[in-house]
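Subject: Structure for you to look at

Hello,

Here is the structure I said I would pass on. Please open it next to this message and follow along; my notes come after it.

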Amino acid sequence: MALISGANRGIGEAVSRRLSQDGWALSLGMRRPEMPDFADPERTHLFAYDATTSAEDAWVAEAMARFGRIDAVVANAGVMIPKTVIEAEDEDLDRMFAVNVKAPRRLVKAAFEPLAAGGRGRVIIIASLSGKRVKSAKSGLYAMTKFAAVALAHGIRQSGYDRGIRATAICPGFVDTQMARSITDREPEAMTDPAELADAIAMLIGLSNTASVAEFAVNCQLEEQY
Ligand SMILES: NC(=O)c1ccc[n+]([C@@H]2O[C@H](COP(=O)([O-])OP(=O)(O)OC[C@H]3O[C@@H](n4cnc5c(N)ncnc54)[C@H](OP(=O)(O)O)[C@@H]3O)[C@@H](O)[C@H]2O)c1
């Protein structure tokens, strides 16, 4: 059973769709819960999840009551405020940290014992290439939170390794979702397809305990390093 935050659209929806096709039971966290058309209601649980309200313990408790196990967590919900580190206010940083860093940590902390119980728990933190480099002034503030998200994935990997938990920071460049469309005028075809990213995530979740991938960078364009 997999828990996925921000499952209603974009990358979260694509991962939910893909894992559902693969036969996974799902617990989908979204601010306005609605059963997706691709989901089988028999093995899909919905939770009204707002990442700013510390509802992670309650979500995990409901998911455990319904399924009795958690095998994977995909911490996907995220926000991007396109402000430079000079023009932003503390409130902008606080808002992004709350959703991009603090909520994923609480979610994995809440699910940690169930993840460990199966001996092969999987954690996917949807970070960003903005967690690896600062490509533009307007992505600087967001990058601060995504560098932290990459560090979170590494911290989880270190904390859970002995108990079979494997954590991966996913670091994509532009993915064709509302978030990317709001900050770039690239054509959709010139961005990574969320469905293809979801295929990669499903592959990573399926790897054995002896094939740990700490970071997975994927880009739609050529850059010096990525
Ligand atoms: N698209 C890209 O180019 C790209 C690249 C690298 C990394 N990412 C990361 O990928 C993840 C998914 O983004 P996306 O591209 O799919 O963007 P998106 O289409 O804007 O979707 C964002 C998702 O996060 C949810 N969310 C935002 N704030 C939330 C909150 N307070 N509580 C609960 N859910 C919340 C949204 O829910 P609502 O519908 O309720 O707003 C939505 O489901 C994010 O972490 C983003 O930073 C995206």
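The lining of the largest pocket is made up of 20 nonpolar, 17 polar and twelve charged residues. In this count Ala, Val, Leu, Ile, Met, Phe, Trp, Tyr, Cys and Pro are nonpolar, Asp, Glu, Lys and Arg are charged, and the others, Gly among them, are polar. The model is predicted, so local features need pLDDT of at least 70 and side-chain atom pairs count only at pLDDT 80 or more, while totals for chains, interfaces and linings use all residues. Residues are numbered from 1 along each chain as its sequence is written, and side-chain values use heavy atoms, with hydrogens and water left out.

The largest pocket holds about 1,100 Å³ of space. Of the 49 residues that line this pocket, Gly-78, Val-79, Met-80, Tyr-142 and Met-179 lie nearest its centre. H1, strand S2 (26-30), H3, H4 and H5 each give at least two residues to the lining, and the largest share, four residues, comes from H5. Helices (H or I, at least four residues) and strands (E, at least two) are DSSP runs, numbered from the N terminus.

Pockets and cavities were found on a 1 Å grid over the protein atoms alone: a cavity is a set of points where a 1.4 Å probe fits but cannot get out, a pocket is an open set with protein on both sides within 12 Å along at least five of seven lines, and lining residues have an atom within 4 Å of a point. Grid points are joined across faces, edges and corners, and a volume is the space filled by probe spheres set on the points.

What takes up the largest pocket? The ligand does. A molecule sits in a pocket or cavity if more than half of its atoms lie within 2 Å of its grid points. There are 29 residues around the ligand, and Asn-8, Arg-9, Arg-31, Tyr-142 and Thr-177 come nearest; a residue counts as near if one of its heavy atoms lies within 4 Å. This shell has 14 nonpolar, ten polar and five charged residues. Helix H1 (10-21), helix H4 (140-160) and helix H5 (178-181) each supply at least two of its residues, with the largest share, three residues, coming from H5.

Some polar contacts (pairs of N or O atoms within 3.5 Å; within protein, one must be able to donate a hydrogen and the other to accept it, and residues adjacent in sequence count only if both atoms are side-chain atoms) can be picked out. Ligand oxygen atoms lie 2.6 Å from an N or O atom in the side chain of Thr-177 and 2.7 Å from one in the side chain of Asn-8. For Asp-50, a side-chain N or O atom is 3.3 Å from a nitrogen atom of the ligand. On its own the ligand has 890 Å² of accessible area, and the protein covers 95% of this (Shrake-Rupley method, 1.4 Å probe; for residues, only the protein chains shown count as cover).

The whole structure also has two cavities of 30 Å³ or more. The largest cavity holds about 70 Å³, and its lining has seven nonpolar, three polar and two charged residues. Strand S5 (122-126) is one of the elements that give this lining two or more residues. The second largest cavity has a volume of about 40 Å³. Its lining has eight nonpolar and two polar residues but no charged ones, and helix H3 (residues 90-117) gives the most, four residues.

Regards
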